[in-house]
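Me: I'd like to go through this fold with you. Can you take my questions one by one?

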Amino acid sequence: MRKLDEQFFLAEELLRITAKEVHYLERTRNRLISHQINLEWVNSLANSDAYSDILDAFVARFGRLQDRLGGKLLPTLLRLNMEKVGSQLDNLILAEKLGWLSSTDDWIELRGLRNLLIHEYLQSPSDLLKPLLQALEAVSLLGQVHLRLNQAFVAIQAKAPITVPAS
């Protein structure tokens, strides 16, 4: 039973951390969209520390939240739900079947956006605009995933046996 308690504690911690990450990502997105994001803005990144810093923060937070939700929280919740944990793709497919994720394909697209943001930002700023605009819109999807995983955790807790410490 101790291992199960540790998994519940881990899930609670991951949910707390990811809630903060969602909050910070949304704030960073809001700061970004307060600028007119267009090709001129993207081309100015090389000469604007303020713009490149906010973009770096957005890209890092966008990727980090995905990593923690898909790579840490999801497998933890699957274990608590007594599901077999597999590859990340297998976990995503199972999460979609359980109703915890609206679409595995959407998640895969988010991962692709993350990779494009990282690589295009450094290699070809002119190719950064479209994935950046898509990622800005996709922030709400990450928030929805967090909400669904939180709801899944609450449902799992409701099914869990109550443990009484030994006296």
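Me: Among contacts between residues at least 6 apart in sequence, what percentage join residues at least 24 apart?
Reply: In the protein chain, 71%. Contact means heavy atoms within 4.5 Å. This is a predicted model: local features need pLDDT of at least 70, side-chain atom pairs count only at pLDDT 80 or more, and totals for chains, interfaces and linings use all residues. Residues are numbered from 1 along each chain as its sequence is written, and side-chain values use heavy atoms, with hydrogens and water left out.

Me: How many helices and strands are there?
Reply: Six helices and zero strands. Helices (H or I, at least four residues) and strands (E, at least two) are DSSP runs, numbered from the N terminus.

Me: Which residues touch the most other members of the largest nonpolar core?
Reply: Trp41, Phe58, Phe62, Leu77, Trp100 and Leu132, out of 47 residues. Such a core is a set of buried Ala, Val, Leu, Ile, Met, Phe, Trp, Tyr and Cys residues joined through side-chain atoms within 4.5 Å. Buried means under 20% relative accessible area, exposed over 50%, partly exposed in between (1.4 Å probe, protein chains only). Helix H6 gives the largest share of this core, 13 residues.

Me: What does Leu77 contact, leaving aside neighbours within four places in sequence?
Reply: Ala11, Trp100, Leu149, Phe153 and Ile156.

Me: Switching to H3. Where is the kink?
Reply: At Leu73, about 35°, shortly before the proline Pro75. The bend is the angle between axes fitted to the seven residues ending there and the seven starting there.

Me: And what follows H3?
Reply: Met82, with a positive phi near 65°.
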